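Biologist: I would like to learn how to read cavities, interfaces and salt bridges in a model. Please put the structure up and start with cavities.

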Amino acid sequence: MIEVKNLYKTFTTVIAVNDVSFKVEPGRVFGLLGPNGAGKTTTIRMMLNIIQPDAGDIIFDGRPFSIDIQNTIGYLPEERGLYRKNKLMHTIQYFAGLKGVSSKEAKKLGMYWLERFDLTDYANNKVEELSKGNQQKVQFIISVLHSPKYIILDEPFSGLDPVNQILLKDIIGDLRKEGKVLIFSTHQMEQAEKMCDDVCIINRGRVVMYGKLAEEKKKYGVNNIMIEFEGDGSMLEKIGGVKRAAIYSNFAELEIDSNAKPRNIIHEASKDLDIRKFEVKEPTLNAIFLNLVGSTVEEVERKHEEEQLKEEAV
Amino acid sequence: MKKALIVAKWEYIERVKSKMFIISLFIFPVIIVAFAVLPSLLMGQMEDRQKVIGLVDPENVLSPNIIQKIEDRFTLKDDQPMYVIRKIDEPNTDAETLRMIGNSLVFSDDIAGYIYIPPDIFETNQPEYYSTNVGNIQDHNRFTAVIRDILTEYRLEERGVDPGIVGEIIKPVNLRTVRISPGGEEQDAGFLEIFWSSYIFLMAMMMLIATSGQILIRSVVEEKTNRIIEVLASSCSSTDLMAGKIIGLSALGLTQIGLYAMMGIAAVTQFGIDGLSLSNVWLLLPYFIIGYLFYAAIFVVVGSPLSSEQEAQQVTSWVVLVLMIPFIFAFIAIENPGMPIIRALSFIPFFTPSFMALRIPIIMPSTFDIVVTLGILTLSTIILMWIAGKVFRVAILSYGKRPSLAEILRWVKTG
C-alpha cells in the first residue's frame with residue numbers, strides 16, 4: 001500500500017499540489033485522474049522521489065522512500081521515448097540494471113516479455129527500427145520487467161492501437177490479480193471508468209473527489225441523462241430543469257434538478273433535435289467532474305493552456 | 001554509487017561502439033598529421049630525389065671547382081649526391097646562346113634549373129640562377145654558400161694564403177640548439193620540436209574536452225527530448241546520473257588518448273619522426289584530469305538546461321571558443337614562456353590546464369606556480385561540480401524555454 005499524506009508542492013508562481021492525500025491499495029487499480037495540468041504528474045514525481053515535496057509524507061507499506069523502495073517501483077512516464085541507436089535488448093538490460101536486476105536475469109525476463117508482446121524477432125534490432133506502437137510496448141516492458149511491487153502508469157494507452165490497448169488492458173488485469181499496487185493516471189475519464197476500482201480526481205492541485213468508483217457514482221445519484229442526437233445541441237442547456245450540460249457534437253450528458261422530469265426534457269429536446277438515444281443513468285466521471293468543478297475536463301484544459309501561453313509570453 | 005557505475009558502463013560501452021566515436025577517433029590524428037607531419041614529410045620526399053642542375057660558365061671561371069663542391073657537400077640519405085651538375089658547354093658559342101640552351105633544357109624538364117656564372121663575377125659578386133620555380137629557398141642558400149666559399153677561397157689564395165689554411169678558414173658553420181633545464185640536463189631540441197610537443201598536448205587536451213563535452217550535452221539533451229530522463233530519474237539519483245555520465249565519458253576520452261598514444265609511439269618508431277620532448281610530461285596529467293572535470297562541470301551547467309539539439313550546438317560552440325583562446329597565445333608562449341601575461345593567465349582556472357600544457361614542455365614552471373595553479377583549479381572544480389549537481393537536478397526536468405541566468409541561480413540556491 002502507498003499512503004500519500006497532505007502533500008504540498010509550490011513552483012515559483014503556482015501551487016501545483018495542494019494538500020493531496022490518498023491511499024493506494026494492492027490488488028486494485030487506482031485512478032489518479034484530472035485534466036492536464038491538474039498536478040497529477042507532479043504528484044507522481046514526488047512519489048518517485050524525482051522532486052521533493054514542500055510538505056507531506058509518502059509511505060510505502062509503512063516505510064519512507066529509500067533506494068530499496070526505488071528498485072521496487074515501476075514507472076511508465078506520460079511522454080516517452082527510448083535511445084534510438086541502441087539495440088532493444090541492450091536498452092532493456094540497462095534499465096533493468098538500474099533497478100538492480102542482473103544482466104543475465106534481465107535477458108531472461110526481457111525475452112519473456114518480448115514474447116508476450118510479440119516482439120521476440122526484434123530483440124537484436126536497433127530501437128529506431130521499431131514502429132512507434134512497438135516502441136510504446138517496449139517502454140511498458142521496461143516499466144514492469146523488474147517485477148515491481150508498485151507500478152505507476154501515466155497515460156499508458158495513449159498512442160496504442162486498439163489491438164494493443166486490449167492486450168495492455170489484459171496485462172494490467174493480470175498485474176491486479178497478482179496483487180500489485182497499481183496507479184493509473186489519465187485525463188481521459190471514459191478510460192478510467194472502464195479500468196479503475198478506486199479514483200482520486202485532482203483539479204488545480206486539489207483533490208475534488210476520492211473514493212471507490214462504484215460508491216462515488218451512487219452518491220451522485222441518477223439525475224443524469226445521456227442523449228444522442230442530430231442537430232445543434234447548444235439548446236439543451238437552456239431547457240428548464242437542466243442544471244448542467246456537457247455537450248459534444250452529437251452526444252450530450254445532462255444533469256437535471258432533482259424535481260425535474262426526464263419526460264419533459266425529451267419533449268423539449270425533440271422540438272429542435274432528432275433524438276436517436278435517450279437514457280437515464282448513473283453519472284459518468286465526466287459528469288461528476290462537471291458537477292464538482294463547474295466546467296468540463298476539456299474546458300479546464302483549454303483554460304490551463306491559455307494561462308500557460310500567457311505566462312510564457314511574459 | 002553502484003548505479004553511477006551502471007550509468008558509466010552504459011555510456012562508455014554504447015559509445016565506444018558507435019559510429020560517431022569511431023569516426024572522431026580518426027579525425028583527430030588526421031588533423032594532427034595534416035598540421036604536423038605532412039609538411040615535413042613532403043619536404044623530406046622532395047629532398048629524397050636527386051636534382052639535375054645546369055651550369056653555364058662560358059669562361060670557366062669557377063668550373064670545375066663548383067661542380068665538385070656542390071656534388072660533394074650535399075648528399076641524400078643514401079649518400080648519393082643531392083645535386084648532379086651538368087655543364088652546358090658548346091664550342092664557339094657565346095654566353096647568350098648557352099643560356100638559351102639552358103632555358104630549353106629547363107622547359108624540357110631535363111634540368112631543374114641552371115646556375116649562370118658571369119665572366120665578371122669577381123667584380124660583381126653576382127651569380128644568377130634560372131628556373132621555372134625560384135621559390136626553393138634551401139636550393140638558393142646552398143648554391144649561394146658554395147659560390148661564396150669558392151670566391152673567398154680564390155681571393156684568399158690570390159693574396160697568398162696557404163690553400164691548406166683556406167679550407168679551415170671557410171669551414172661551414174652549423175648552429176646546434178640545446179635546451180637546458182634547471183636540473184642541469186642538456187638536450188638537443190629545435191624550435192619546431194618544442195612547438196609541436198607543446199602544441200600537440202594542448203590540441204589533444206582541448207579536442208578531448210570539446211568532444212566529450214559535446215557528447216555529454218548531446219546525451220542529456222537527447223534524454224530530455226525523448227523523456228528517457230524521467231525513467232532514469234525514477235531509477236537513480238541525479239547525482240548518480242551525472243557522476244555516471246562524467247565517469248563514462250572520461251573513460252571514453254582516456255580510451256581515445258590511449259589509442260592515440262599507441263598510434264603516436266608506432267608512428268615514432270615506424271617513420272623515425274622525432275619532435276616530442278617527453279620530460280616533465282607526467283606533470284601534465286593532473287592538469288589534464290582536473291581540467292577535464294572542470295570543463296565537464298561547465299558543460300553540465302550550460303548544457304543540461306537546454307532542450308533542443310540546435311541550442312546544444314550553439315552553446316557548445318561558445319564553450320569551445322573559450323577553449324580555443326590559448327591557441328592564440330601558443331606562439332608567444334613558446335617563444336617567451338616567462339612572459340607575465342602567460343604566467344598570469346595560467347592562474348585563471350579556465351586557462352590553467354591549457355597554459356600549463358604550453359609552459360611545462362618548454363620551461364618547468366616554479367614549484368610555487370605549480371602548487372598554486374593546481375590548488376586554484378582543484379578548488380574551483382569542486383565548487384563547480386557542486387553547482388553542476390544542483391543545476392543538473394532541476395535542469396533535467398525542465399523542458400521547453402531555456403531558463404534565464406536568474407532562474408539557474410535560483411536553482412543553485414534552492415536546489
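Modeller: On a 1 Å grid over the protein atoms alone, a cavity is a set of points where a 1.4 Å probe fits but cannot get out, and its lining residues have an atom within 4 Å of a point. Grid points are joined across faces, edges and corners, and a volume is the space filled by probe spheres set on the points. This is a predicted model, in which local features need pLDDT of at least 70 and side-chain atom pairs pLDDT 80 or more, while totals for chains, interfaces and linings use all residues. Residues are numbered from 1 along each chain as its sequence is written, chains are lettered from A in the order in which they are written, and side-chain values use heavy atoms, without hydrogens and water.

Biologist: How many cavities of 30 Å³ or more does the structure hold?

Modeller: There are 8 of them. Helices (DSSP H or I, at least four residues) and strands (E, at least two) are numbered from the N terminus. The elements that give two or more residues to this lining are β5 (73–76) and α5 (132–144) of chain A, and α9 of chain B.

Biologist: How is the contact between chain B and chain A read?

Modeller: Contact means heavy atoms within 4.5 Å. Here 24 residues of chain B are in contact with 28 residues of chain A. Buried area is the accessible area (1.4 Å probe) that two parts lose on being put together, summed over both. For chain B and chain A this is about 2,500 Å², with 56% of it on carbon and sulfur atoms.

Biologist: And which salt bridges are there?

Modeller: Side chains of opposite charge can pair when their charged atoms come close. The rule asks for a side-chain nitrogen of Lys or Arg within 4 Å of a carboxyl oxygen of Asp or Glu. Over all chains the structure holds 29 salt bridges. Between chain B and chain A the count is 2. A:R45 and B:E230 meet in a salt bridge, at 2.5 Å from N to O.

Biologist: What does A:E230 form with A:R276?

Modeller: A:E230 and A:R276 form a salt bridge, with their closest N and O atoms 3.1 Å apart. A:E230 lies in strand β10 (residues 224–230) of chain A and A:R276 in strand β13 (residues 274–281) of chain A, so the pair ties together parts that are 46 residues apart in sequence.

Methods: 1 Å grid on protein atoms, 1.4 Å probe; cavity = no way out; pocket = protein on both sides within 12 Å on 5 of 7 lines; lining within 4 Å.
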